[in-house]
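Reader: I am new to this structure and would like to know what stands behind the terms used for it. Please set each value against its definition.

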Amino acid sequence: MANATQEYPKIDPKKTKQMISTLGELVEKHNFDEAWTIAGQLNSILKEQAENLNGAEYSALEGVIKSYYSLNEQYKKFSQRTYAFARKANDVAS
């Protein structure tokens with residue numbers, strides 16, 4: 001029977017920092033679909049590699065992810081409101 005505990009390779013801090021940097025660049029460029037993918041990968045690293053991160057690394061990564069998801073939620077709400085406004089403006093103009 002296979003061992004239920006999966007071994008993950010040790011986290012690569014350079015790669016993780018590069019992914020965080022890429023996430024920031026994608027958000028800055030309003031490339032939200034790709035940013036969502038990177039954020040998901042970072043979230044997986046956080047969940048799967050928690051025991052391999054020291055306290056500062058864990059807190060920093062968790063902070064970036066929480067900030068991104070909060071920003072993404074605000075962006076979704078903004079997008080919905082702007083769409084609703086555009087529809088209403090179009091109705092008034094018709």
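Reader: What makes the link between the side chains of Q49 and N52 a polar contact?

Author: The two side chains are joined at 2.6 Å. A polar contact is a pair of N or O atoms within 3.5 Å; within protein, one must be able to donate a hydrogen and the other to accept it, and residues adjacent in sequence count only if both atoms are side-chain atoms. The model is predicted: local features need pLDDT of at least 70, side-chain atom pairs count only at pLDDT 80 or more, and totals for chains, interfaces and linings use all residues. Residues are numbered from 1 along each chain as its sequence is written, and side-chain values use heavy atoms, with hydrogens and water left out.

Reader: Why is Q49 called buried?

Author: Q49 has 5% relative accessibility, so Q49 counts as buried. Buried means under 20% relative accessible area, exposed over 50%, partly exposed in between (1.4 Å probe, protein chains only). Q49 sits in the loop between α2 and α3; helices (H or I, at least four residues) and strands (E, at least two) are DSSP runs, numbered from the N terminus.

Reader: Why is the pair of W36 and Y68 called tilted?

Author: A search of the whole structure finds 4 aromatic pairs. In the pair of W36 and Y68, the ring centres are 6.5 Å apart and the planes stand at 55 degrees, so the pair is tilted. Rings of Phe, Tyr and Trp (its six-membered ring) pair if their centres lie within 6.5 Å; planes under 30 degrees apart count as stacked, over 60 as edge-to-face and the rest as tilted. W36 is in helix α2 and Y68 in helix α3, so the pair ties together parts 32 residues apart in sequence.

Reader: Why is the pair of W36 and Y69 called edge-to-face?

Author: Its planes are at 75 degrees, with the ring centres 5.4 Å apart, so this pair is edge-to-face. W36, Y68 and Y69 form one aromatic cluster.

Reader: Which of these three are buried, and which partly exposed?

Author: Y68 has a relative accessible area of 5%, so Y68 is buried. W36, at 45%, counts as partly exposed, and so does Y69, at 26%.

Reader: Which residues touch the most other members of the largest nonpolar core?

Author: They are L23, L42 and L61, in a core of 16 residues. A nonpolar core is a set of buried Ala, Val, Leu, Ile, Met, Phe, Trp, Tyr and Cys residues joined through side-chain atoms within 4.5 Å. α2 gives the most to this core, with 7 residues.
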